[in-house]
Amino acid sequence: MANREELAIIRNARAGQAAAQLALGKLYLFGSAGLPQSLPTALHWLERAARQDCQQAWQLIGDHIPLELAQGSGQALAPWYERAYDDGSVHAGLVFAQLVLDTIDTGAAPGPQHGKAQRALEDAARAGFPAAQWLLARRRELAAAPARQARVDGAAPSSGRPAA
């Protein structure tokens, strides 16, 4: 059960006060005596504070909200991960890259964030994030596949019959 202080924070957050939204997001992010830890609820309040230009809110999103939770609203949340990456969070850069590059991998045209997302992915790989290293290797492999296929196609017999 939320205590009086937490109830006041909840009331002020619902009223739209960015500082209270940030405070409530932190309470749900880390849990408190009166409120359980809940990453989806933390994201809700931190995102509302971030929309009011609260730097600490987007930094907390970038550092603590995992990709799995962000994917449902990737396009809406990508700017917060991008800003946290700009502020120096390599973890946020990895999630930003995954959100942006995932849309490209599904066939969407590369957007203006593509280059920055690629740099963020490379930064995360250099920093030792295994997910970034795997994703970077996979992207390089996929990029090289058409060239390999063209070489194979060019080497095929001209008769159209498979080689014996």
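This report describes the fold, the nonpolar core and the aromatic contacts of a predicted model.

## Basis

Local features require pLDDT of at least 70 and side-chain atom pairs pLDDT 80 or more, whereas totals for chains, interfaces and linings use all residues. Residues are numbered from 1 along each chain as its sequence is written, and side-chain values use heavy atoms, without hydrogens and water.

## Fold

The chain holds nine helices and zero strands (DSSP runs numbered from the N terminus: H or I of at least four residues for helices, E of at least two for strands). Of its 164 residues, 38% are buried (under 20% relative accessible area, with a 1.4 Å probe and protein chains only).

## Nonpolar core

The largest nonpolar core has 47 residues, of which L24, I61, Y81 and L121 touch the most other members. Helix α7 (residues 90-105) gives the largest share of this core, eight residues. Such a core is a set of buried Ala, Val, Leu, Ile, Met, Phe, Trp, Tyr and Cys residues joined through side-chain atoms within 4.5 Å.

## Aromatic pair

There is one aromatic pair (ring centres of Phe, Tyr or Trp, the latter by its six-membered ring, within 6.5 Å; stacked if the planes are under 30 degrees apart, edge-to-face if over 60, tilted for the rest). W58 and W80 form this stacked pair, at 6.2 Å centre to centre and 10 degrees between the planes. W58 belongs to helix α4 (residues 55-64) and W80 to helix α6 (residues 74-86), so the pair ties together parts that are 22 residues apart in sequence. Both W58 and W80 are buried.

R83 lies over the face of W58, 4.6 Å from the ring centre (criterion: NZ of Lys or CZ of Arg within 6 Å of the ring centre and within 35 degrees of the ring normal).

Technical notes
Buried < 20%, exposed > 50% of the residue type's maximum accessible area, 1.4 Å probe, protein only.
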